[in-house]
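Subject: Structure handover and what turned up in it

Hello,

Here is the structure for you to look over. My notes follow below it.

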Amino acid sequence: MVLCLAVMFAVGCKKTVEEPAPVANFYQPPIGSSTWETTTPESLGWNAAAIPGLYSFLQSTNTRAFLVLKNGRIVLEQYFGNQITGGGAFGANSVWYWASAGKTLTAS
């Protein structure tokens, strides 16, 4: 009886840990590099005709920057408006306070 319970416990508690599948063609820029590989919305089968409307909406909601990456490559990168301090256009090298924006990062 005790042996039967021990076997059932051992079998019932066995955990199978699966390794995550590697992402095919995932890219990471070299450390210290300011150049990233890109890909196009068209090559991914996305509706490129809808992108200008998306950018208009983002600008109307005071979005400062919008980036979409697929497998580490930049698909969309757009900056809007002017910097609050220092003047000039808002861009990739502009400093901005993130607050909770990091919570919106997702992966699929």
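A residue counts as exposed when its relative accessible area is over 50%, and as buried when that area is under 20%. Anything in between is partly exposed. By that rule Asn-62 is exposed, because its relative accessibility is 59%. Asn-62 sits in the loop between α2 and β1. Its phi is near 65°, a positive value in a residue that is not glycine.

Before the rest, a word on confidence. This is a predicted model. The mean pLDDT of the protein is 76. A score of at least 70 is reached by 62% of the residues. Helix α2, residues 51-60, has the highest confidence, at 94. Helix α1, residues 2-12, has the lowest, with a mean of 48. Residues 1-9 have a pLDDT below 50. Beyond near neighbours in sequence, that stretch makes 0 contacts in the model. Where pLDDT is low, predicted coordinates should not be read in detail.

Overall layout

The protein has 2 helices and 2 strands. Along the sequence they run α-α-β-β. Strand β1 covers residues 65-70, and strand β2 covers 73-79. There are 108 residues, and 15% of them count as buried. The accessible surface is about 9000 Å². Carbon and sulfur atoms account for 60% of that surface. Take the contacts with a separation of 6 or more: 36% of them join residues 24 or more positions apart.

The nonpolar core

Which residues make up the largest nonpolar core? There are 6: Ile-51, Tyr-55, Leu-58, Val-75, Leu-76 and Phe-80. Both α2 and β2 supply at least two residues of this core. Helix α2 gives the most, with 3 residues. Leaving out residues up to four places away in sequence, Ile-51 touches Pro-41 and Leu-76.

Two of the core residues also form an aromatic pair. A search of the whole structure finds 1 such pair. The partners are Tyr-55 and Phe-80, arranged edge-to-face. Their ring centres are 6.1 Å apart, with 70° between the planes. Tyr-55 belongs to helix α2, whereas Phe-80 lies in the segment after β2. The pair therefore links distant parts of the chain, 25 residues apart.

The salt bridge

The structure holds 1 salt bridge. Glu-37 and Arg-73 form it, and their closest N and O atoms are 3.0 Å apart. Glu-37 is in the loop between α1 and α2 and Arg-73 is in strand β2, so the bridge ties together parts 36 residues apart in sequence. Glu-37 is partly exposed, because its relative accessibility is 36%.

The β1-β2 loop and other places to look

Asn-71 lies in the loop between β1 and β2. Like the residue I began with, Asn-71 is not a glycine but has a positive phi, about 50°. Its relative accessible area is 27%, so Asn-71 counts as partly exposed.

Lys-70 is in strand β1. Its relative accessibility is 34%, so Lys-70 is partly exposed. What does Lys-70 touch, not counting residues up to four places away in sequence? The contacts are Leu-44 and Val-75. Val-75 is one of the core residues. Lys-70 and Leu-44 are 26 residues apart in sequence, and their C-alpha atoms are 9.1 Å apart.

Pro-29 is in the loop between α1 and α2. Setting aside neighbours within four places in sequence, Pro-29 is in contact with Thr-35 and Trp-36. The C-alpha atoms of Pro-29 and Gly-72 are separated by 8.2 Å. Along the chain those two are 43 residues apart.

Then turn to the salt bridge between Glu-37 and Arg-73. Leave residues 1-9 for last, as their pLDDT is below 50.

Best wishes

Methods. Residues numbered from 1 in each chain as written. Predicted model: local features only at pLDDT ≥ 70, side-chain atom pairs only at ≥ 80, totals over all residues. Heavy atoms only, no water. pLDDT = per-residue confidence, 0-100. Helix = DSSP H or I, 4+ residues; strand = E, 2+ residues; numbered from the N terminus. Contact = heavy atoms within 4.5 Å. Core = buried A, V, L, I, M, F, W, Y, C linked by side-chain atoms within 4.5 Å. Buried < 20%, exposed > 50% of the residue type's maximum accessible area, 1.4 Å probe, protein only. Areas by Shrake-Rupley, 256 points an atom, 1.4 Å probe, with all protein chains shown as cover. Salt bridge = Lys/Arg side-chain N within 4 Å of Asp/Glu carboxyl O. Phe/Tyr/Trp six-rings, centres within 6.5 Å; stacked < 30°, edge-to-face > 60°.
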